[in-house]
Amino acid sequence: MPKGYDEQMYWVDEWMPQIEVLAHPAVKAGITHCGPGGAFEFIHCGVVPLCFPHYATEQKYVADALIERGAGLALIDTKLADRQAEPENLYFPLPIFSSADVAKKFGELLSVPAYSDNLMALKCVATAAGGR
């Protein structure tokens, strides 16, 4: 994280119980690779996603759908995720963003109410269609 960040605002760890974390009322935004299941959990819990699709076309499509609807923000150009899930493609060869980039994007997600409003509209659509 960048120097001077507020440690009370961020939780960084190797693994977290995602649905329990997302359901906590203090959580307003989070980072996701945009797998369909995780994306639905973000929508269900009303947590605005910072989209970081790693690979696979489905992650790119989910990220693009959230971004196009104004319900999330891209950390990277989603075209970079349109790769095959082969072992040599699982990791990006160089850092493609910095901690300052992440902090800036989260700042935007948290300060622009339209992201949360648009995500809640998606949640209403999903709920009306029978989702929980």
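Visitor: How do the residues of the lining of the largest pocket divide into nonpolar, polar and charged?

Guide: They divide into 18 nonpolar, eight polar and three charged. Ala, Val, Leu, Ile, Met, Phe, Trp, Tyr, Cys and Pro count as nonpolar, Asp, Glu, Lys and Arg as charged, and the others, Gly among them, as polar. This is a predicted model, where local features need pLDDT of at least 70 and side-chain atom pairs pLDDT 80 or more, while totals for chains, interfaces and linings use all residues. Residues are numbered from 1 along each chain, and side-chain values use heavy atoms, without hydrogens and water.

Visitor: What makes a space a pocket, and what makes a residue part of its lining?

Guide: On a 1 Å grid over the protein atoms alone, a pocket is an open set of points where a 1.4 Å probe fits, with protein on both sides within 12 Å along at least five of seven lines; a lining residue has an atom within 4 Å of a point. Of the 29 residues that line the largest pocket, Trp11, Val12, Met16, Gly30 and Ile31 are the closest to its centre.

Visitor: What is the volume of the largest pocket?

Guide: About 1,100 Å³. Volume here is the space filled by probe spheres set on the points, which are joined across faces, edges and corners.

Visitor: Which element gives the most to the lining of the second largest pocket?

Guide: α2, with four residues.

Terms used. Helix = DSSP H or I, 4+ residues; strand = E, 2+ residues; numbered from the N terminus.
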